[in-house]
Amino acid sequence: MALPHRDASEREAKALAHPLRLRILRLCWQAELTNKQIAERVDRDPGTVLYHVRQLVSAGLLEPAPVRAGDSGALEKPYRAKARSWWLDDPPGTGAEAAFAPIEALQEELRTAGPAAVRTFVRFALHLSPEAAAELDRRLIALLDEYTATDADRLDQPAHGGIIVLHRLAE
């Protein structure tokens, strides 16, 4: 089954408009993590991370996982992403900060993973009519839908991330 495509709520759009929150979501998609573990992985102050975690919880994108015993026996309160993937359209009027947040988050993820982690890199320029651009967009979405619909069948395989940005070039 393909990911449901829907408009993001105002709260979801605001939560997804920050690169650190996108990184937190990705990390909590991979594993249930405590605020301290998240802070260590993103190299930020735990107080800053907690603020962003609370924004994601409030937007319904992150949720507390069951409390667990840590290595020292103390109780830990981890978080997990509520969904493995989202396909949300930004509300009209969403600014540049929100549009560039996924790109900034991806840059940090790539730096953390290192250059050897890059599987495919394609940068291109095409001349497309509005109709052809819409068709390319539709076909890319269909291919991603095919893979996301069957992702649960491959949970024993390494996780891969990516981003596709189709944009009109400045003249």
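Because the model is predicted, local features need pLDDT of at least 70 and side-chain atom pairs count only at pLDDT 80 or more, while totals for chains, interfaces and linings use all residues. Residues are numbered from 1 along each chain as its sequence is written, and side-chain values use heavy atoms, with hydrogens and water left out.

The largest nonpolar core holds 23 residues, of which Ile24, Ile38 and Leu62 touch the most other members; such a core is a set of buried Ala, Val, Leu, Ile, Met, Phe, Trp, Tyr and Cys residues joined through side-chain atoms within 4.5 Å, where buried means under 20% relative accessible area, exposed over 50%, and partly exposed in between, with a 1.4 Å probe and protein chains only. Two or more residues each come from α2 (19-30), α3 (35-42), α4 (46-58), β5 (79-81) and α5 (96-113), these elements being DSSP runs numbered from the N terminus, with helices (H or I) of at least four residues and strands (E) of at least two. The largest share, seven residues, is that of α2. Beyond its neighbours within four places in sequence, Leu62 is in contact (heavy atoms within 4.5 Å) with residues including Ile24, Leu25, Val53 and Tyr79.

Helices α2 and α4 pack with their axes 10 Å apart and at an angle of about 75 degrees, the axes being lines fitted to C-alpha atoms over the stretch in contact and the angles running from 0 to 180 degrees between N-to-C directions. α2 is therefore roughly perpendicular to α4, a label that covers angles of 65 to 115 degrees. On the α2 side Leu20, Arg21, Ile24 and Leu25 take part, and they meet Thr48, Val49, Tyr51, His52, Val53, Gln55 and Leu56 of α4.

His52, in helix α4, counts as buried because its relative accessibility is 7%. Leaving aside neighbours within four places in sequence, the contacts of His52 are His18, Leu20, Arg21 and Ile24.

Asn35, which is found in helix α3, is also buried, with a relative accessible area of 15%. A polar atom of the Asn35 side chain lies 3.2 Å from the backbone nitrogen of Leu50. With neighbours within four places in sequence left aside, Asn35 is in contact with Pro46, Val49, Leu50, Val53, Lys77 and Tyr79.

Leu110, in helix α5, counts as partly exposed at 38% relative accessibility. Leu110 and Gly161 are 51 residues apart in sequence, and their C-alpha atoms are 9.6 Å apart in space.

Conventions
Parallel < 35°, antiparallel > 145°, perpendicular 65-115°, else oblique. Polar contact = N/O pair within 3.5 Å; in protein donor to acceptor, adjacent residues only side chain to side chain.
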